[in-house]
Amino acid sequence: MNLAITGANSGVGNILLRHLAGRTDIQVVACVRSAGAAAALHAAPGISVRQVDYDDRDRLTAALQGAACVVHLAGILFESASSTYQTANVDATEAVVDACRKAGVPHIVLISVLGADPGSPNRFWRSKGRAERLVAESGLPATIIRTPILLGPGMAGARAVVHAASQRSVALLGGGRHSVRPLDVDDLSRAMAKLWMGEAIAYKGRRVALSIMNARVPITGTLVDLTHDGLLIDQDGAGQVAVSYSRLSGIDAA
Ligand SMILES: NC(=O)c1ccc[n+]([C@@H]2O[C@H](COP(=O)([O-])OP(=O)(O)OC[C@H]3O[C@@H](n4cnc5c(N)ncnc54)[C@H](OP(=O)(O)O)[C@@H]3O)[C@@H](O)[C@H]2O)c1
């Protein structure tokens, strides 16, 4: 399976690449904006790096061509002198959706945030709400994952918490009544593996060929049912077999 990741040098991207590095069944195109980011990226067989410019649609489309799924991670939690919520969260998503459409990418995954809402007075939530709307209205099969603040090595949220905790006095969100339930970025990475479920729904009731990790021969049969753990396949009269998402590396019409 070919997977493209935008913002591959982000905190989430770095951890996702490490999770994918051991997989021989997934070829990754890791998209970054700068040569510096490309050089610093986790190198492994099966991971190729592409330098993209979100304003250069042709180049972006070429980078995403052939991907069975695009995981769109480019986006920010905090604005900086060089990136605003509008450019990073909205404009980049618009560019990626457009490139996915032109490249015929069959599935796009957006990492959004709890509270995302295009009408929110909070600028971050508003920008992620707009990004969600761009993806949802694109007509592309899409998965939007809303996460709380993510904690993990090198994550912006983790740095902000450490910084706040090191201050002599700390401003409490919502006067101390705002509760936050962070998510470990490793858990997010694992959850993305479950996206197979979303992909498989389109095949329910149809004959499929499932590629299985470390197996030379696919499992073929009719996709009877989907559960939270895996797929139930009727093997052409030879009985039913359950295939866990964690063993799955591809699904195609047979
Ligand atoms: N961190 C969280 O707690 C959290 C919570 C909810 C959702 N999310 C979402 O999860 C995704 C990854 O977050 P993260 O914290 O891992 O990100 P991050 O470490 O802050 O990395 C930001 C990424 O976005 C790229 N980027 C920045 N400005 C851009 C622009 N104007 N156009 C295109 N790309 C731009 C960066 O590329 P350069 O290095 O080239 O600048 C980098 O790849 C984002 O979409 C974020 O909104 C994060």
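Guide: The domain assignment of the chain, where bounds come from an automatic or database domain assignment, gives domain 1 (2-193) and domain 2 (200-253), and the C-alpha centres of domain 1 and domain 2 lie 29 Å apart. This is a predicted model, in which local features need pLDDT of at least 70 and side-chain atom pairs count only at pLDDT 80 or more, while totals for chains, interfaces and linings use all residues. Residues are numbered from 1 along each chain as its sequence is written.

Visitor: Which residues come nearest to the ligand?

Guide: A residue is near a molecule if its C-beta atom, placed from the backbone, lies within 6 Å of it; among the 27 residues around the ligand, Gly 7, Ser 10, Gly 11, Gly 75 and Ser 83 come nearest. Two or more residues of that shell are given by each of α1 (11-20), α4 (85-103), β5 (108-113) and α6 (156-165), helices (H or I, at least four residues) and strands (E, at least two) being DSSP runs numbered from the N terminus. The most, four residues, come from α4.

Visitor: Why does the length of α4 agree with its number of residues?

Guide: The expected span of a helix is 1.5 Å times one less than its number of residues, so the 19 residues of α4 should span 27 Å, which agrees with the 26 Å between its end C-alpha atoms.

Visitor: Where does α4 bend?

Guide: The bend at a residue is the angle between axes fitted to the seven residues ending there and the seven starting there; α4 bends by about 30 degrees at Asp 91. Just after α4, Gly 104 takes a positive phi of about 70 degrees.
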